[in-house]
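Welcome, and please open the model in your viewer. We will go from stop to stop, selecting a few residues each time and looking at what is there.

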Amino acid sequence: MFALPKSEKGIRGGVARCNRMISGVLAVALAATMTILPTQPAVAATADYQVPVTYGQTEARNMIKMINDFRTGGDAWYWNRGDATKVTCANLGKLTYDYALEQAAMLRAAEIAVSFSHMRPNGGSCFDALSSLPLYAMGENIAAGQTTAASAFTSWREDNYGYAGQGHRRNMLNNDFTAVGIGHVTFNSVHYWVQNFGSPNTGAPATAVADGARTVPVAIDDAMISQKALKPAKASLTVTAGKSVALPLVKLSLTVRDRWPSSPLTLRASSPVWTSSNSSVAAISGNTVVGKKAGTATLTVKAHGLQARVKVTVKAVKPPATRLASVKGAKKSLKVKWKKQTKNVTGYEIWCSTSKKFTKKTTVKKAVKKAKTTSLTVKKLKAKKTYYVKIRTYHKIDGKKYYSKWSSVKKAKTK
């Protein structure tokens, strides 16, 4: 945590610093104040990242009464520099709720979910978020981990700290401020809070309360990121030829400076582009990969200047086997009937042979191209010969046939 003491307002740099955890739980806070307009931020190598947060502005707006009761009640004091005496803040006016400051605080709440600091993720000062407003004094308190407006406000009161730990308290009791806007978001189940103070009031018109999910574009300077990686939800996929499966969700992992908690920032990758190393085996179609024929291929996904790979295995189709219902001899022919199979079946293949071994020279092969067909007369056979018969199904995909197991063999004698 750091705070700029009231007596040092308007001094660039000159920041008093202290660090602490609040109430022994995962909660932190920072404070900053200045009374001069900041310079424009330097142009940096930044990119916008889409950060999904949930706003809780109804809860945030509940804090204005707490702040004003604090400013006008009997606890409006802070320790002097030596922590020897209390400085009483007399005749403090109530702050008005400023909806322009609220918009800035809402953006900053999403930004501190990315990097918990008074330095913005784009490398600029927190006050750059207020630079378009007609303010001569401005301040910011930020906090993370407190689940309610009351707990965030209590952490900022700093009743039990000395002067060096009361930067947030002095911001809330600062006589130079006349307005405040408050932002509150939840990201990955962690609550983030921002108070933006200013003077004079901007007079911005009231806006409807913002609650619920929203995706916020947050500019992040490359210098704030030490590691980047694309992480597909699955490292490998399996699909049956002729079928398709959804491409895996791709996450973007960023190790960002001052992130709190100190885990990588994980976002959904924007506009990932997929390609296949072998489209004759596995082809990309929209948000799916289609199995063309048995084999393997490597899928490459690119986004944010990064790439990752996913292995895909295409399995051969295994159509269901069928069985012979009957085989009857006729004049130089056989009448063959079988059980119909239509699921994953394109047709049937029937072999008739005078040899139990179905040798090439003794075998007659017949193809049936309709799955609903259940009988066939095999003609032009030798008269008065015993024939052995078997059948199997096949499924045809992109010109390739996938076969089932053979049926049991039946025999019959021609006439």
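Which residue forms a salt bridge with Glu111, with the closest N and O atoms 2.7 Å apart? Select Arg120, for this is the partner of Glu111 at that distance. A salt bridge here is a side-chain nitrogen of Lys or Arg within 4 Å of a carboxyl oxygen of Asp or Glu.

Before moving on, a few ground rules. This is a predicted model, in which local features need pLDDT of at least 70 and side-chain atom pairs count only at pLDDT 80 or more, while totals for chains, interfaces and linings use all residues. Residues are numbered from 1 along each chain as its sequence is written, and side-chain values use heavy atoms, with hydrogens and water left out.

**Stop 1: around Glu111**

Glu111 and Arg108 are separated by about one helical turn, because they are 3 residues apart in helix 3 (residues 99-114). Helices (H or I, at least four residues) and strands (E, at least two) are DSSP runs, numbered from the N terminus.

Buried means under 20% relative accessible area, exposed means over 50%, and partly exposed lies in between (1.4 Å probe, protein chains only).

**Stop 2: another pair, and a network**

Now select Lys228 and Asp222. They form a salt bridge with the closest N and O atoms 3.4 Å apart. Lys228 is partly exposed at 33%, and Asp222 is partly exposed at 36%. Next, show Asp75, Arg157, Asp159 and Arg169 together: salt bridges that share partners join them into one network. The structure holds 11 salt bridges.

**Stop 3: helix 4**

Arg157 leads us to helix 4 (residues 149-157), where Ala149, Ala152, Phe153, Ser155, Trp156 and Arg157 are buried. Step just past the helix to Glu158, which takes a positive phi of about 55 degrees.

**Stop 4**

Which other residues have a positive phi although they are not glycines? Select Asn91, with a phi of about 60 degrees, and Asn188, with a phi of about 50 degrees. Asn91 sits in the loop between strand 6 (86-88) and strand 7 (96-97), and is exposed at 75% relative accessibility. Asn188 lies in the loop between strand 9 (179-187) and strand 10, and is exposed at 52%.

**Stop 5: two cis peptide bonds**

Follow strand 10 to its end and select Ser199 and Pro200. A cis peptide bond joins them, with omega about 0 degrees. Pro200 is in the loop between strand 10 (190-199) and strand 11 (211-221). Then select Trp260 and Pro261, where the peptide bond is again cis, with omega near -5 degrees. Pro261 belongs to the loop between strand 15 (250-256) and strand 16 (265-268).

**Stop 6: Gln57 and its surroundings**

Select Gln57 in helix 1 (residues 57-61). Gln57 is buried, at 0% relative accessibility. What does Gln57 touch, not counting residues up to four places away in sequence? Show Tyr97, Glu102, Met106, Ile182, Gly183, His184, Val209, Ala210 and Asp211. Contact means heavy atoms within 4.5 Å.

**Stop 7: Ser236**

Ser236 is in strand 13 (residues 236-240) and is partly exposed at 47%. Leaving aside its neighbours within four places in sequence, Ser236 is in contact with Val310 and Lys311.

**Stop 8: zoom out**

Of its 415 residues, 48% are buried. Among contacts between residues at least 6 apart in sequence, 71% join residues at least 24 apart.
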